[in-house]
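User: I would like to go through the ligand site of this model with you. Could you bring it up?

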Amino acid sequence: MIAFAAAERSDYLELLTKKKVHILVIGGGITGAGILMDAVNRGFEAALIEKQDFASGTSSRSTKLIHGGLRYLKQAQIALVKETGKERKIVYNNAKHLVQRNKMLLPFYKGGALGAWTTSIALWLYDRLARVSKNEHKLMLKKETTRRIEPLLNAEGLKGAGLYYEYKVDDSRLTLEIIKKAVENGGIALNYAEATGYIYEDGKIAGVKVHDVLNHTTYEVMADYVVNASGPWSDQVAMLEHKPESLKRIVLSKGVHIVVPFNRLPIKQPVYFENRSDQRMIFAIPHWDYTYIGTTDTAFAGEMDLPTANHEEVSYLIKCIGQVFPKAHISEQDVRSTWAGIRPLVYEKGKSLSELSRKDEVFKSTSGLISIVGGKLTGYRKMAERVIELILTEFKSHEHKTSPVLHEEALTDLSNVSGSEFKSDDDFRKLKAYCNSLCHHLQVEEEVMEKIFHRYGTNTEQVIALAETFTGEITDPYLRLELGGLLYGIRQEMVCTLSDYLIRRTNQLYFGRDQVNKYLMPVLDTLAGELQLNAEQKSKNLEDFIKEYEAVMAWKNEKTL
Ligand SMILES: Cc1cc2nc3c(=O)[nH]c(=O)nc-3n(C[C@H](O)[C@H](O)[C@H](O)COP(=O)(O)OP(=O)(O)OC[C@H]3O[C@@H](n4cnc5c(N)ncnc54)[C@H](O)[C@@H]3O)c2cc1C
């Protein structure tokens, strides 16, 4: 088996150009990742190409919740809430190191759209639809209890709150750990490989022209089935056809989050509140040393490769926070980072953006391109099932030169992602305790080890072993761990650029800018050494990262223009 390492990219390319795969997936977000995993689990030879880095689209820019979507109950989207609600438990079980269970507080105020009765009914229904286990059923709280458990909440007009369970996830790592597992099971996945056109045989798509963005070469990959899982880019990827049949079925909506230091908004659990001026629901979610707040929902028609927050969106979120947590006095000065994501929503006549369903749909063009659009991070497994089952049925009805043994079921509900190879909950707790206990030996705080464990799970020991190779050479223990993670990323997670590591693999652009500022140069030097970059490639890496680093705070300069 070839390692999922940047150094092996050319071997993967060679493999891909030499053989015809059964399924080629375009798009390395959560949708494509899920499809690749399902395909290889069933016995297909499958590959995935991603034009940027894995998860660099919407799948690293979500609210980072594995949830049934309580607000969709208001739109009577019962099937969606039911399916994603049930999926929560499965994603939690299969990606334990990345998913954390939290109590979510849902306060309601005098004059608001939510009241005690409506909140209670909605949460009751949510518990039933999502088959929430009894010990996680909702609780309704009186005003005094609500104030006691969340003293920062605005007390004026507060009537009470609902308390229910939600699951928080590292979205980009979930995408990556699924891809890593699929590769471990025989799939091929390439980042920086862009689909630029199709190859036809008898009028049907028989392959894809792929441009290697890093080495500026173009090659052809042949496949029985090509799946367009490119999220917000779905229309563009469909338009690459020689007789394009535009999907025109997606509407793009932008959602922004802001990040403030936790000590500026030290809430005791995630809070989901109604913004009283427009009745929109907003999340405030504590995450390690920070609290993030989002999201907005506005029509989008700009550059999709690097969407950014603007000044108006940041001020809107600050105003929302000011209404519910006035004592915190959050201002623009507190905002340390932001991110913006683009939702690919299925078009429905006469509906506003927030009313549009988050459901997914699968289409097939006359020349055979299968596109999947819409959906949610939480529902990725069921979305993949729908695509692969369509292919499975067609595949079986045709004669094939090579006939693989195919399984009717992918059993992805029972497949742990990479880093989550725990035999039981007890096994999880033991490994977590063991990793935490290494803090003395590694000379860092226990919390640092806890973060590392929640990033790498059962692969943590590999990262630590790589960090220890710097003992003697580097005296700063935090830098040793940082470089251990970097080497692991390059050798096992296809890290090809500085941004891959600092953004998609570790989220430090959003939740660790101080660490980035401190270690940027040693990280760059080690990356350049390991990847054998020349001076030009090294400075291009830095330039590209700085572009992204500055983009998340670009809204600050906007008003002074
Ligand atoms: C603000 C916001 C908050 C959200 N919050 C949640 C949440 O809390 N929970 C939840 O369940 N869902 C949430 N969602 C929805 C969820 O994030 C998305 O449904 C999901 O990430 C979409 O994944 P995707 O793989 O379809 O698209 P993407 O992640 O965008 O992946 C598509 C990929 O295709 C690649 N691509 C494009 N063109 C090409 C080409 N020509 N060749 C090769 N590759 C190409 C892109 O580079 C991209 O990486 C949220 C969405 C937004 C915007």
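User: How many nonpolar, polar and charged residues does the shell around the ligand have?
Analyst: This is a predicted model. In it, the shell around the ligand comprises 12 nonpolar, 19 polar and 7 charged residues.

User: Which residues come nearest to the ligand?
Analyst: Thr 31, Glu 50, Ser 59, Leu 65 and Thr 378 come nearest, out of 38 residues around the ligand.

User: And which helix and strands each supply at least two residues of that shell?
Analyst: Helix H2 (30–42) does, as do strand E8 (193–201), strand E11 (250–261) and strand E16 (337–346).

User: What lies 3.2 Å from an oxygen atom of the ligand?
Analyst: That is a backbone N or O atom of Ile 30. At 3.1 Å from a ligand oxygen atom there is a backbone N or O atom of Leu 377. Gln 52 places a polar side-chain atom 3.1 Å from an oxygen atom of the ligand.

User: How much of the ligand does the protein bury?
Analyst: The protein buries 97% of the 1,000 Å² that the ligand exposes when taken alone.

User: Changing topic: how many disulfides does the structure hold?
Analyst: The structure holds 0 disulfides. For context, a disulfide covalently joins the sulfur atoms of two cysteines.

User: Is Cys 320 buried or exposed? And why does Cys 496 count as buried?
Analyst: Cys 320 is buried, with a relative accessible area of 1%. Cys 496 counts as buried because its relative accessibility is 9%, and the cut-off for buried is under 20%.

Methods:
Residues are numbered from 1 along each chain as its sequence is written. This is a predicted model: local features need pLDDT of at least 70, side-chain atom pairs count only at pLDDT 80 or more; totals for chains, interfaces and linings use all residues. Side-chain values use heavy atoms; hydrogens and water are left out. A disulfide is a pair of cysteine sulfur atoms within 2.5 Å. Buried means under 20% relative accessible area, exposed over 50%, partly exposed in between (1.4 Å probe, protein chains only). A residue is near a molecule or strand if one of its heavy atoms lies within 4 Å of it. A polar contact is a pair of N or O atoms within 3.5 Å; within protein, one must be able to donate a hydrogen and the other to accept it, and residues adjacent in sequence count only if both atoms are side-chain atoms. Accessible areas come from the Shrake-Rupley method with a 1.4 Å probe; for residues, only the protein chains shown count as cover. Helices (H or I, at least four residues) and strands (E, at least two) are DSSP runs, numbered from the N terminus. Ala, Val, Leu, Ile, Met, Phe, Trp, Tyr, Cys and Pro count as nonpolar, Asp, Glu, Lys and Arg as charged, and the others, Gly among them, as polar.
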